[in-house]
Amino acid sequence: MSGHNVWTHKGTFLLAAVGSAVGLGNLWRFPYLSGENGGGAFILVYALTIFAVGIPILIAEIMLGRTSRQSPIMGMRHLTKTHGTSRAWETIGWLGAASAFLILSFYSVIAGWAIHYTWLMLTGSLVGADAQTISTGFDALLAAPGLMTLYHTLFIAASALIVGMGIHKGIESGLRIMMPALFVILLVVLAYGVVNGDIGAAASFLFTFNIADLSLEGWLQAMGQSFFTLSLGMGAIMAYGAYMPSEISLTRTAFAVAIVDTAVAMVAGLAIFALVFGAGLETGQGPGLMFVTLPLAFAEMPFGALVGGVFFILVLGAAISSSISLIEPVAAFLVERFDMTRPQAVTIMVIAAWAMGLLTVVSFNMWAEGTIFHSLFGRSAFEFIELLTNIFMPVGGLLIALFAGWALTQSEVMKELGSSVTWFKFWRFLVRFVAPAAVAFVFLRTIPQVDGYLIPTLGALLIIGAFAASQRWLKKPRQTT
Ligand code: TRP
């Protein structure tokens, strides 16, 4: 191998990381979560976590990718060798690959729904439809496994095609066309919301802070969301970081990613709630906000079919630019480890994730109840897969923070960060202590029904355990280079 792959353009890493970050999480999950959790207070916690936890871990993850210059699994293998730490840290890579695979499997199914709605909007099928018709229509989609599988297949195949064409011709060129288009569409939808909706009501809903609106559950969801939305803890960012030229500022890039990602979520929230309030609809509709409430708002408004169609194209584009970053780390691993060609590697990854996705498809209909998942875990296969990723992501993030914080030497980190000692010290404090503690709490959210005392107790135990384990793993003396 002669050298390693590097993005052709200086700005590509930023573009790619923003593409990965901005997705269904911003356009679908963020608005409905803030709608359910009282708006402003939720956003406050979300923003605090982005800055105190998200950005430091984002920096850590890019750093691991850029110093190792390999796919997450091989990269971590390399770093454990060069740093004389236990091979157990390779878990970061494996956990990441597992999460990428699991997330891709359901992400593609949900993105597939957006294909359906793009079609319905552009053909004008929903113009003037009432609430009853629209919600029955959504239920009918969920009840049709064949149709959902078709959309799922189309979406995942499109993503595979882009990654299969390589990081330059596929990913880089794809993003350079898609991302600017997405920003333009987002602004068009916002402008439409300002004209036809009630932007004042949306702004006061999103930006009025009333901390009493927020339950503990809401706090934890806000933290989990800030994690999910930055694509942290699963190697996607590490894989892209491996292609980032050394001279680019890591700190500045990480801040830019977080700021753009947050801004997109806010603008999407404003636009969506402006339309929802304008049409006199409910904000707390949960996951149906985008697929039921919003289509209803479009159905009643002038040029709603056209703007609605464009809106769902935005959703699709944002989802594709995220799903390619789910394929890349695993594909890059298969290429490095087994000497496959890129198309072979992508095909294997995507066929496996596609098959897994069928579990999500049937979770809404044929297997909606009474399966082995329900009897073992009390939830559908889809909900179980989502739960797994909600566990893997924070654990991955925790390990990334600990490894970058404790295993990398000061001179290495300083070289990567390329900035002052003060910032280095502050960053290291955040990844060593603050981020692990915060992540432990997010993680606990996934354990259902723990009461008030158990949460802090388990949290403390988890943090102590993680430190104990990391100190042990780190102190392995053998040095092999
Ligand atoms: N950030 C993506 C979104 O907001 C979702 C996501 C989470 C993701 N983890 C990821 C995307 C890893 C790509 C890679 O929709």
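Q: Which residues does Phe311 touch, not counting those up to four places away in sequence?
A: Val189, Ile272, Met290, Leu294 and Phe298. Contact here means heavy atoms within 4.5 Å. Bear in mind that this is a predicted model, where local features need pLDDT of at least 70, side-chain atom pairs count only at pLDDT 80 or more, and totals for chains, interfaces and linings use all residues. Residues are numbered from 1 along each chain as its sequence is written, and side-chain values use heavy atoms, with hydrogens and water left out.

Q: Why is Ser99 called buried?
A: Buried means under 20% relative accessible area, exposed over 50% and partly exposed in between (1.4 Å probe, protein chains only). Ser99 has a relative accessible area of 0%, so it counts as buried.

Q: What is Ser99 in contact with, leaving aside neighbours within four places in sequence?
A: Met234, Thr389 and Phe392. Ser99 itself sits in helix 5, residues 91-122 (helices are DSSP runs of H or I, at least four residues, numbered from the N terminus).

Q: How many aromatic pairs does a search of the whole structure find?
A: 32.

Q: Why are Trp94 and Phe333 called an edge-to-face pair?
A: Rings of Phe, Tyr and Trp (its six-membered ring) pair if their centres lie within 6.5 Å; planes under 30 degrees apart count as stacked, over 60 as edge-to-face and the rest as tilted. Trp94 and Phe333 are 5.4 Å centre to centre with 75° between the planes, so edge-to-face it is. Trp94 lies in helix 5 and Phe333 in helix 14 (residues 304-338), so the pair ties together parts 239 residues apart in sequence.

Q: What makes the Phe364 and Phe382 pair tilted?
A: The angle between the planes is 40°, with 5.3 Å centre to centre, so the pair is neither stacked nor edge-to-face.

Definitions and conventions. Helix = DSSP H or I, 4+ residues; strand = E, 2+ residues; numbered from the N terminus.
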